Amino acid sequence: MSTKALFLTNEYPPHTYGGAGVHVDYLSRELSRIMPVKVFAFGEREAIPDRPWVRGFGLDAAALKCPKELQSVFGAIQRCVDFNTTTVDPEIGVVHCHTWYSHFGGILAKLCYGIPLVITVHSLEPLRPWKREQLGRGYDFSCWVERTAMEMADAIVAVSAETKADVLRLFNVREDRIRIIYNGIDPAEYKLTTATTTLQKYGIDPAVPYVLFVGRITRQKGIVHLVNAIKYMDAGYQVVLCAGAPDTPEIAAEMKSAVEAAKKGRANVIWIDEMVAKQAVYELYSHAAVFCCPSIYEPFGIINLEAMACETAVVASAVGGIKEVVVHGKTGFLVPLEQMQKRLVEPVNADQFSRDLAARINELMANPEMRKQFGQAGRARAIEKFSWAEIARQTKALYESLAR
């Protein structure tokens, strides 16, 4: 089998908005140093220096007459067909899919061309029932195409042991087809910086400590629970919420209402209502006293790793792969999150979860020396355990095993 790999993905620079896009960017780049790699991605693309060969697939959204919530579903199907009906490279030895948006493309490649199919699990649709708010009945399709692809895949990459357990519990998949390969970090890029341009731009006082959130406004990221925790936070430090790209108008309105309520009781709440550039994120991480990840579902949680690489102490919910990234009492604190097993939508006691987040943040804010120790240990762990070069090596070995 040829070892030339074809990545199929929704996200790819410059259109990256989540952890899956970050993963595809860095893994494809690192893999391209040791083997041939091509990338097919949604949206128009131009070549980027130091990146693999990439082709973008656009979409005439105006031609889609279906309900708005179904446009992303039918748009994905159309582009997955396009992935397979353009000039097909006969040297492709493996097709590697990322997120359900690309899975139909992988199914077609396997069935029509006999190309081995690899799927990396960045999240699982059965554990994200709130996606129905965004996709309507399209959520039924996303669940179906994910299950179909997973159960016919030649290999599945789970980004954590917890994710592997979820796959075995939810799908009819042989355990020997699953390989645990973590997400990674580039410590040369994510590192402490003294630049303060971003802080000045958004009115963040560099002389006053702040707790930071970075992420999308979605049920999964638990942002509203953190905002509700603000009323339990001690006075004297800032709260910086770098949160944009809401999943739905409803959660956008809920976020706005929660932030307005929090600001009535606390003056130093700063909401950056947009997805910012990487350089801005480096600065926000580097100057934060504490980074908080209140996710209610997280197969890996790459944002915690980014904060750790920038020497920032972390307070995160004890769910999914986060427990394999953040070491409680060494690189940060893990906050227990009790959830109903069948519908992991909200904490059983949301107010208690918010109180517990605030308590751990307060503890770290009151102890600068502990924050420093956690930050240094976090960067050391990021460098030692989560190298993209090692992740690329493991991925290449997985591809080669499919030829045996």
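**A buried cysteine and a buried strand**

Let's start with cysteine 80, which is buried, with a relative accessible area of 0%. Keep in mind as you look around that this is a predicted model.

With a cut-off of 2.5 Å between the sulfur atoms, the count comes to zero disulfides.

Now turn to strand E1, residues 4-9. Six of its six residues are buried, so the strand is largely enclosed by the rest of the structure. In a regular strand, side chains alternate between the two faces of the sheet. You can follow this along E1: Lys4, Leu6 and Leu8 point one way, while Ala5, Phe7 and Thr9 point the other way, and all are buried.

Which strands pair with E1? One is E4 (residues 92-98), which runs parallel to E1 and is joined to it by six bridges. Within that pairing, leucine 6 has valine 95 of E4 as its bridge partner. The other pairing to look at is with E2 (residues 37-42), again in the parallel sense, over five bridges. Here phenylalanine 7 has valine 39 of E2 as its bridge partner. To get from E1 to E2, the chain passes through helix H1 (residues 19-31), and this β-α-β crossover is right-handed.

Notes. Residues numbered from 1 in each chain as written. Predicted model: local features only at pLDDT ≥ 70, side-chain atom pairs only at ≥ 80, totals over all residues. Heavy atoms only, no water. Buried < 20%, exposed > 50% of the residue type's maximum accessible area, 1.4 Å probe, protein only. Helix = DSSP H or I, 4+ residues; strand = E, 2+ residues; numbered from the N terminus. Pairing = 2+ DSSP bridges. Right-handed = clockwise from strand over helix to strand, strands pointing away.
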